[in-house]
Amino acid sequence: MEKPKKLFEPYRRFPVAERYDAVVIGSGMGGLTTAALLARYAGKRVLVLERHYTVGGYTHVFHRPGYEWDVGVHYIGDMRPRSALRSMFDVLTEGRLEWADMGEVYDEIIIGGETYRLPRGEKRLKAYLKERFPGEEAAIDAYFATVKKALATSLPYHADKVIPPVLSRLIGPLLRRKFLKYSDRTTREVVESFTKNQKLIAVLTSRFGDYGLPPAESSFIIDAMVTNHYLGGGWYPVGGSGRIAEAIIPAIQEKGGAVLINAEVAEIVVEKGRTKGVRMADDRIIEAPIVVSNAGVFNTFEHLLSSHASKATGMPAKMKALRPSAAHLSLYVGLKESAGELGLPKANKWVYPDEFPEKNLAAMRESIDADFPLVYISFPSAKDPDFDSRHPGRATIELVTFAPWSAFAKWDGTRWKKRGEDYDALKERLATRLLDVLYEQVPQVKGKVDYYELSTPLSTKNFTNYQHGEIYGIDHTPQRFRQKYLRPRTAIAGLYLTGQDIVSCGIAGALFGGVLSASAILGKNLIPVIVKSAQEQARSRVKGKDVEASTQAVQG
C-alpha cells in the first residue's frame, strides 16, 4: 500500500528542482491561496517556501503535552453554505474542510462590567441593540445602512487592484472614488454623525480588536468590513485551525508543486527589472518567472529585495505613508477537564474597562503596566466539536490583548527561553494579570488551570518576521487605503504581492488577497470561476450521496 504523501517537508531533505513555474514566499493564508489557485486553474507547478518549522502562518497551531492552541484563527464570519467566502474555502480545500457553527450568540461585549450578547443575523442584532439602547433606533438603523453602502463600493475598488496598469490609470480613479469617500473618514467620525451615545458607539465598534485600531484612528471601511463579516454569526474549523493548511496543500502537490519548511529566502533575484527567482539562505538559486511574496510589503521591499532593486521601484519612499499595526500578547491556558465539564461557552468575550478605547490604548502605549485596554477571550475547545476526540478530558482558553513593541524591544535579537530573568518576570506579571481577568469572567476555571504560557511581540516577530511584532501587517488607517501600490502587481516584472496587505487583515482578508493575486497573475477574474467550481462541487456531492443511498437500498 502506497504511503500517504507528506503535506510539507524540510527544505534540506527535499529534492528541489532548479526551476518552477512560480515560487511563493510564505505559507500563510494568502500564500497558500495563491499557490493553490495557480495550480488548480493554470496547472502551474508552484513551490511554497516557509522560513519557519511549520506551515500555515496565522492558521497554524502549536502543541504542548496534552494540549493544542490556534494562534490566529479564533473565529471566522460569513461561512454560511454558498456564501462567497465559503465557496472559496470549499474550492481551495476541495470540500475537505468542515465548519462548526458557534451558535446564536457568538460575541459577548463586556464594557465596564455591563454585558451585551450579540446575536447573529442583522434583524436580530438591530432589534437587540434597539432594546438595549432605547431612543437610539434611528442611529442604529443609520449605522447598519451605512455599513452596507460602504461595502457596496468595495468591489470596483478591489477590481482596480487587478486590472492592467494602463487600464488602471484610465479608469482607476472612477473605480476608487466612491470607496474613498468612506475609507477617508475614521470610524468615530462616521458613527458620531449618527449618535453621541458613547456606550452605543463602544458596542457598535467593539470588534476593533480584529483590526487593531480604535475608532478615532481606524478607517471606517475596515469597521464596515468586520461588522458585515460577522452579521451571519461565527464559525470555527472542525479539527482546529491547522486543518486549513492541511486541506489546501494537496491541491498544490497535485500539479507537482511542494510546500517546504525551514526554507528561508535570503533574496528575490532581479535582473534588468524582471524577477528571475529566489536565492535561499544557503545561496542556492531557485529559478521561477513568477515570485509571489506573502511576507508583507515592508519585509518584501526592505529585506527581500536588494537596495538597488527596491529603490528602483520607488517603494521605500512611498511606504513612509504606512505604519505597522499593533503588537499583542496571547495567553494560552490549558485545563485538565473538558469544555463541557467546565461549562465553557462557544461565544467569545470582549472585555473593556469602559467605553473610551482611545484613552486606554494611549495609556498602554505609554506603559506596559497600564490597565489592559481590552482583553479578548476565546474558547477553542468549546468551538471545535472534534477537540474532545483529540484531547479527551482537556480544554483550552486563549486571551489576547494589545501591548507596545517598545516594552519588549530591548530583548530583540535574544533567543527564546534565553532572554533573562527580567524578561521572564515581566511575562509572569502580565500572565498573572490576564489570569485575573479570566477568573473574573469565567470564575469556574479558577483553581483548575493546569498550564499557561504567554507569547509576546517577540514571539510574533519570530514566527512572522514582522519587524515590530505587528499582528495585522499594515495599520488600517484612512491613509492606508489611499495607497494605490498596495496591489498584487509590482513595478518589477514577475514579482507579485499577496496576503493581508493587499486587501485587509484576518484570514478572510488574506484569502481575498490571494484570490486577487492569482487573478492578476493569470489575467482573469477568478471570483466567478471559483463560485462556479463550488456549485459544481456541491452538485457532485449531492449526486454522490444519491448514488450511495441507491446502492444501499439495492443491497438492503
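Student: Let's start with β10: which residue there is the bridge partner of Ile76?

Tutor: In β10, the bridge partner of Ile76 is Trp235; helices (H or I, at least four residues) and strands (E, at least two) are DSSP runs numbered from the N terminus. Before we go on, this is a predicted model, in which local features need pLDDT of at least 70, side-chain atom pairs count only at pLDDT 80 or more, and totals for chains, interfaces and linings use all residues. Residues are numbered from 1 along each chain as its sequence is written, and side-chain values use heavy atoms, with hydrogens and water left out.

Student: And which strands is β10 joined to?

Tutor: Strand β6 (residues 76-77) runs antiparallel to β10 and is joined to it by 2 bridges, while strand β7 (residues 99-101), also antiparallel to β10, is joined to it by 3 bridges. Two strands pair if DSSP finds at least two bridges between them.

Student: Which way do the β10 residues point, and are they buried or exposed?

Tutor: Gly234 and Tyr236 point one way from strand β10 (residues 234-237), Trp235 and Pro237 point the other way, and all are buried, where buried means under 20% relative accessible area, exposed over 50% and partly exposed in between, with a 1.4 Å probe and protein chains only. In a regular strand the side chains alternate between the two faces of the sheet.

Student: Switching to helices, at what angle do α4 and α9 pack?

Tutor: Helix α4 (residues 137-152) packs against helix α9 (residues 220-229) at an angle of about 105°, with their axes 9 Å apart; axes are lines fitted to C-alpha atoms, for helices over the stretch in contact, and angles run from 0 to 180 degrees between N-to-C directions. The two helices, α4 and α9, are therefore roughly perpendicular to each other, a label for angles of 65 to 115 degrees, whereas under 35 counts as roughly parallel, over 145 as roughly antiparallel and the rest as oblique.

Student: What about helix α2, and what comes just after it?

Tutor: Helix α2 (residues 84-93) is mostly covered, with 9 of its 10 residues buried, including Leu85, Phe89 and Leu92. Just after α2, Glu94 takes a positive phi of about 50°.

Student: Where does Ala288 lie, and what is it in contact with?

Tutor: Ala288 lies in the loop between β14 (285-287) and β15 (290-293), and Ala288 is buried, with a relative accessible area of 1%. Leaving aside neighbours within four places in sequence, Ala288 has contacts (heavy atoms within 4.5 Å) that include Arg19, Tyr20, Val23 and Thr275. The C-alpha atoms of Ala288 and Ile521 are separated by 13 Å, with the two residues 233 apart along the chain.
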